[in-house]
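Could you walk me through this structure, going from the overall build down to single residues?

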Amino acid sequence: MTVHDGISDIKIVEDGREASYSLEHLWDLVVTIPNFHFEDGRTDTVEVFVRPTNHVYSRALKPEEDREILRQTGRLIIRYEHHEDAPNKIKKGDDGNPVVSSDARAFCEEKYQSSLNIPDFVDALEAGPAKLCVLANRDDDRSCLTALFEFVHGPQQKECFVVIFKLHKLSARQLSMVIETAFLIDGDDFRVHLLNSKDKGKPFFVIANNVFANRKPFEGKAKKRAKKSYKKAKKKRQK
């Protein structure tokens with residue numbers, strides 16, 4: 001069994017031929033935002049450490065696929081489990097060994113090609129954190145969705161490169177961005193219409209400020225106060 005955390009490339013061997021796919025474009029990605037204005041009045045340089053998961057270059061397994069054949073060709077992708085609140089920390093079992101995830105996947109050339117856009121996404125975010133429109137991902141109030149409408153890698157008839165990520169607070173001026181998946185979509189995809197409706201989204205710096213303030217990405221101060229007031233009132237009614 002080969003666990004793919006921390007490896008530099010994927011090697012696929014099929015029909016006697018070997019192909020190598022470097023993963024170095026996904027390493028050491030950091031968004032640096034100078035003069036970031038916090039809601040408490042501070043102004044400081046913020047760092048966002050970007051960690052793409054293997055979902056950016058892999059797909060779900062098909063029911064009819066043989067895992068052993070996928071393993072022999074190098075296509076079977078296996079990873080360790082990581083802590084949700086500490087995305088760079090690997091979970092360990094009672095025996096002290098890393099916990100292998102049950103989420104096995106298969107390497108996908110098409111998604112790999114689209115993953116080559118991730119460094120450009122990082123550059124775009126660093127250049128314009130106030131311009132990048134971010135939406136709440138459907139059915140998940142901690143997951144965020146955004147996109148690049150200008151991309152280099154992958155079929156050019158696609159409309160945009162979608163990135164779905166979660167933010168975690170690491171310190172008073174550092175965040176972790178876990179890219180859960182990223183892929184190219186067509187113009188008739190519902191997410192294109194949502195992203196083009198700017199009034200439905202928020203700039204990245206707004207959701208970053210919410211996370212720095214220990215709130216959910218799209219939970220503003222007023223909403224959090226309302227939730228606290230509701231909980232207090234509910235406790236009083238239950239006494």
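Here is a tour that moves from the whole chain to its sheet, its core and a few residues.

A word on the ground rules: this is a predicted model, in which local features need pLDDT of at least 70 and side-chain atom pairs count only at pLDDT 80 or more, while totals for chains, interfaces and linings use all residues. Residues are numbered from 1 along each chain as its sequence is written, and side-chain values use heavy atoms, with hydrogens and water left out.

Let us begin with the protein as a whole. Its secondary structure comes to six helices and 12 strands; these are DSSP runs numbered from the N terminus, with helices being H or I of at least four residues and strands E of at least two. Along the principal axes, the C-alpha atoms fill a box of roughly 65 × 50 × 35 Å. Of the 239 residues, 40% are buried, where buried means under 20% relative accessible area, exposed means over 50%, and partly exposed lies in between (1.4 Å probe, protein chains only).

Now look for the open sheet of seven strands, which has mixed pairing and the order 3-4-11-10-9-8-12. Two strands pair here if DSSP finds at least two bridges between them. Strand 3 and strand 12 (202–203) are the edges, each pairing on one side only. Further in, strand 9 and strand 10 run antiparallel to each other over six bridges, and Leu145 stands opposite Ile164 of strand 10. Helix 3 packs on this sheet, touching strands 3, 4, 9, 10 and 11, and its direction makes about 10 degrees with that of strand 3. For such angles, axes are lines fitted to C-alpha atoms, for helices over the stretch in contact, and the values run from 0 to 180 degrees between N-to-C directions.

Helix 5 also lies across the sheet, over strands 3, 4, 8, 9, 10, 11 and 12, running at about 30 degrees to strand 10. Seven of its nine residues are buried, so helix 5 is largely enclosed by the rest of the structure. Those buried residues are Phe204, Ile207, Ala208, Asn209, Asn210, Val211 and Phe212.

With a relative accessibility of 1%, Ala208 counts as buried. Setting aside residues up to four places away in sequence, Ala208 touches Phe36, Leu167 and Leu175, a contact being heavy atoms within 4.5 Å. Leu167, in turn, has contacts beyond its neighbours within four places that include Val48, Met177, Phe204 and Val211.

That brings us to the largest nonpolar core, with 42 residues, in which Tyr57, Phe121, Phe165, Leu167, Met177, Ile179 and Phe204 touch the most other members. Helix 3 (118–127), strand 10 (160–171), strand 11 (174–185) and helix 5 are among the elements that each supply at least two residues of this core. Another core, of 11 residues, lies apart from it and includes Cys160, Phe183, Ile185 and Leu195. A nonpolar core is a set of buried Ala, Val, Leu, Ile, Met, Phe, Trp, Tyr and Cys residues joined through side-chain atoms within 4.5 Å.

Finally, meet two asparagines with positive phi. Asn35 has its place in strand 3, with phi near 55 degrees. Asn214 sits in the loop between helix 5 and helix 6 (221–238), with phi near 65 degrees. Asn35 is exposed, at 54% relative accessible area, and Asn214 is exposed too, at 54%.
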